[in-house]
Amino acid sequence: MRLRQSAALTAAAATTVFGFPGAATAAPAGTTLYVNNASAACSDNGSGSQAQPYCTVSAAAAVVQPGQTVQVAASETYYRESVRIVRSGTAEQPITFLGLSTPRADSVVAPEPTGDSAFVLAGVHDVVVRGFTAGRIDEAGTVPLVSVTDSSRVVLDRNWYARGGVPAVRIAGPGDHVTVSRSVFTLNSGGVGVTGGARSTLITGNDFGGARSASIAVADAPDTGVTHNTISNSCAESVRIDGVSPGAVIENNVVTAKTRDAVLAGCATAATGRGETEISVSAGSVDRTKVDYNTVHPWADAAAYTWAGTPYRTAAEFNAATGQAGHDADLDVLSDPSAQMTTYQKLTEADVPAIDSADPTAPGVDTDLFGTGPVDDPGVANTGPGGSVRDRGAYELTGQSTPLLTLEGVRVSQGPAPFEVRATATGVNRWGVAQAEYLFDFGDGTEPVRSTSPTVTHVYQQASTYSATVVATDTQGAKAAGTSQIVYVKPPGDLVMSFATQTDSDLITRVQVYDSSPYRITGTEIDFGDGSARTSESRHHYAAPGRYTVTVTVTDEGGRTARSSQAVEVRWLDPLTELQPGERVQLLAGSGSWLKSAGANFTNRYWSPAGGPPANSRYTAPNDRVTAVAVTVGSDRVERAFTLVNGRIYCIDRNVGADNGLPLGAWSDWAEVTGASRAGVLSGVTKIAAASIGGRTHIVALAGGRVYEASGTSGSGGWSKWGDITAAVGFPAGVTSIAAGSTGNSLHVAMLGADGHVRVADGNYDRGTWSGGDVTAAYGGPRAVSRLAAATTPGSRFHVVAISGDRIYETTGDYAAGYWTGWADVSAATGRADFVEVSAAATGNTLRLFAISRDGRVQNANGDYTAGRWSGFGTVNVNGNTGVPGPVTADVLGAAGF
């Protein structure tokens with residue numbers, strides 16, 4: 001016999017709403033009973049009206065009449081009860097229990113701790129239970145989540161079954177026409193069990209994802225329909241028709257067995273113990289039973305079908321032997337990647353055998369699990385009977401993509417309540433089908449707005465954070481849902497602002513602004529009161545100590561302004577001991593995009609706090625890297641610091657004892673040496689070095705394997721153009737590292753060639769000539785040199801320092817005596833060899849080395865040429881912003897003594 005849908009199910013299918021709460025079965029006016037345990041006015045002895053709802057579902061079930069609907073509100077506290085339905089409706093006026101209109105993990109009706117069922121229907125007829133979640137924390141046991149016994153014309157539609165008994169839904173007794181439709185059976189739930197003579201049961205449009213048993217188990221229940229279900233990862237069979245159950249219809253299902261150990265926790269994966277087949281029909285059930293239009297993908301070592309005890313590996317074998325499954329296919333379904341594990345296992349475009357190929361005459365609901373009717377995929381041939389466009393399984397594949405939903409204020413991006421917003425949905429259909437309508441839910445408890453326009457406005461009355469959702473429906477009835485970003489609605493209020501300042505020891509002041517407004521803050525402007533440009537930067541480096549007035553101005557999107565001022569005393573918190581008379585070194589260290597400057601006064605045994613030159617837009621962008629630094633101090637007592645950023649060389653001056661108009665210790669502004677109006681553009685610079693002759697600074701640059709030089713009297717101007725030292729001396733190109741120093745009126749440049757040789761070029765500015773020689777060829781030296789540094793000590797001695805491997809070596813050119821010493825192993829003398837970078841400075845007759853060890857810390861060792869000995873290396877520790885001494889870390893560094 002051909003199964004038919006129940007009248008209640010047919011009526012429900014025509015009135016579905018996707019994605020939002022709402023009645024899915026119409027009831028006569030005034031016939032809705034309300035249940036809401038979150039309402040302060042709820043009472044089980046009340047009227048069941050919206051104003052005074054029942055607190056429990058059981059209270060409504062005790063009084064509901066034919067034709068009435070029990071509308072149950074979603075509740076975060078759940079309804080922890082076992083609902084016993086003992087009243088019946090009629091075929092024309094069923095009793096309906098209604099939660100949500102789409103199966104979701106909301107509106108939970110949980111059983112009592114005794115382990116009873118969430119819903120118990122016994123001896124009733126014409127009852128619909130739709131839109132509920134049933135589940136138990138305790139997953140063990142055999143008590144079903146929903147029990148239907150000796151009942152007829154019962155519809156369990158659009159429910160969510162999570163965990164709990166095996167089976168999740170049990171149908172038993174001599175009843176008939178019980179329908180389980182468009183529901184989700186989640187991972188580790190049970191499936192559906194039908195037994196005890198139940199007739200004409202219909203199990204259709206459901207998603208079974210990881211049942212701890214057979215997903216559908218039927219025993220001694222004739223005329224059962226199993227259609228349009230999506231079944232995957234069952235612990236046992238997907239469909240088992242057992243005992244004497246003739247007249248079954250098993251059509252249009254998508255069945256997939258997959259080995260997912262993580263998903264199938266607790267399930268048997270060996271051949272024994274997991275059903276050994278996907279669709280099984282007993283010998284007593286084959287009469288009048290039909291199996292067709294399914295996709296069945298079995299385990300690799302198991303059968304797809306078992307018919308009257310005989311297993312069949314494929315549909316072709318099964319069809320050849322029995323005439324069944326003539327249109328079945330083996331399809332390992334590639335589920336939609338938006339599915340969560342085994343929930344909502346939708347089809348994809350790759351699942352061609354399941355698309356537009358279902359039998360439209362099979363019993364079942366008219367829509368898929370989400371309420372979408374048959375939709376034609378234009379890229380797939382219609383292979384179902386009569387050119388059917390219905391897909392197999394619980395989900396209809398549509399061209400609808402998740403709509404992009406923007407939610408923004410009409411006049412401003414955020415503001416005080418009441419606040420007007422505009423929601424715009426961009427619905428996209430991959431198949432080119434036009435959008436028909438949009439259903440907007442603004443998330444504030446107001447009624448959803450249905451519109452044919454993709455843009456609607458809404459006013460939020462209360463302050464809170466909101467996001468909206470939209471369901472876009474195309475002209476074929478396909479739906480897709482999207483969610484907007486958050487909109488902030490604030491309580492009314494003024495723009496309020498205050499700020500605090502903190503001044504560090506190196507003339508750096510930081511401003512912390514505290515502001516609040518119902519509108520978005522659009523601007524923060526700080527005037528540091530020293531004539532510098534107003535800025536949004538909270539950190540400022542003053543050029544000199546003094547008393548300054550800091551003014552902060554804040555604006556918001558509502559067009560309002562708040563302004564406040566306060567005096568700041570900027571002073572050196574240390575007495576500039578680093579610059580007092582004595583043997584002094586200026587150290588410049590860099591890592592990534594930041595620079596730190598520290599000064600040492602070795603006579604006074606003092607390191608200054610770590611500060612830094614002021615940064616501006618001409619120096620470096622926030623994400624640029626400083627790849628090389630150099631520093632020198634001339635006889636004019638001006639420190640000139642150089643950086644290499646993106647192949648361009650920048651310079652800044654600092655007063656370390658000069659009478660040049662800058663306060664002692666203050667910095668000038670940055671200037672670009674490679675600017676066209678200065679030394680000129682020089683492409684491909686990779687290394688830099690610097691040395692001073694009197695008050696004139698010489699910058700040496702390595703570019704394209706050649707060495708160039710330019711000189712100037714300040715960082716901001718007066719630079720000569722670049723000259724090619726390698727060409728002047730006749731050294732080969734391919735230089736990889738450089739260092740520079742000066743004796744008298746001569747500039748000495750050490751170069752590391754591609755052949756590993758160290759060569760020195762000497763520029764005699766008295767004579768205006770260049771000469772040079774190969775130190776390695778003449779005196780030998782360490783192999784595999786990678787880095788060079790240089791400094792000069794009294795007596796016209798030019799010291800060249802090299803790194804070879806992890807070790808540091810040094811050789812001295814005594815220009816007064818006219819010879820070079822051999823290479824000395826500094827690492828052996830100091831007892832340390834773990835270096836990746838080195839810089840050199842000299843104070844008096846002492847050579848001071850600063851090297852970066854492999855842990856990134858800066859180390860210092862001193863060679864006293866008067867005493868003829870080296871100190872050991874020690875970590876350079878200076879005060880940071882916290883005032884607590886700590887190690888200096890760097891990638892590049894430079895040093896200059898004076």
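Two strands count as paired here if DSSP finds at least two bridges between them. With that in hand, strand β46 (residues 584-591) and strand β47 (residues 594-601) pair in the antiparallel sense over eight bridges. Bear in mind that this is a predicted model.

**The chain overall**
- You're looking at 73 strands and six helices in the chain.
- Of the 898 residues, 55% are buried.
- Take the contacts between residues at least 6 apart in sequence: 58% of them join residues at least 24 apart.
- The chain's accessible surface is about 34400 Å², and carbon and sulfur atoms account for 50% of that.

**The four-strand sheet**
- β46 and β47 sit in an open sheet of four strands, ordered β48-β47-β46-β73, with antiparallel pairing.
- β48 (606-607) and β73 (892-897) are at the edges; each has a single partner strand, so one side of each has no neighbour in the sheet.

**The parallel pairs around β19**
- Strand β19 (residues 216-219) pairs with strand β16 (residues 192-194) in the parallel sense, over three bridges.
- Within that pairing, Val 194 has Val 218 in β19 as its bridge partner.
- β19 also pairs with strand β22 (residues 239-242), again in the parallel sense, over four bridges.
- Here Ala 219 is the residue opposite Asp 242 in β22.

Definitions and conventions
Residues numbered from 1 in each chain as written. Predicted model: local features only at pLDDT ≥ 70, side-chain atom pairs only at ≥ 80, totals over all residues. Heavy atoms only, no water. Helix = DSSP H or I, 4+ residues; strand = E, 2+ residues; numbered from the N terminus. Buried < 20%, exposed > 50% of the residue type's maximum accessible area, 1.4 Å probe, protein only. Contact = heavy atoms within 4.5 Å. Areas by Shrake-Rupley, 256 points an atom, 1.4 Å probe, with all protein chains shown as cover.
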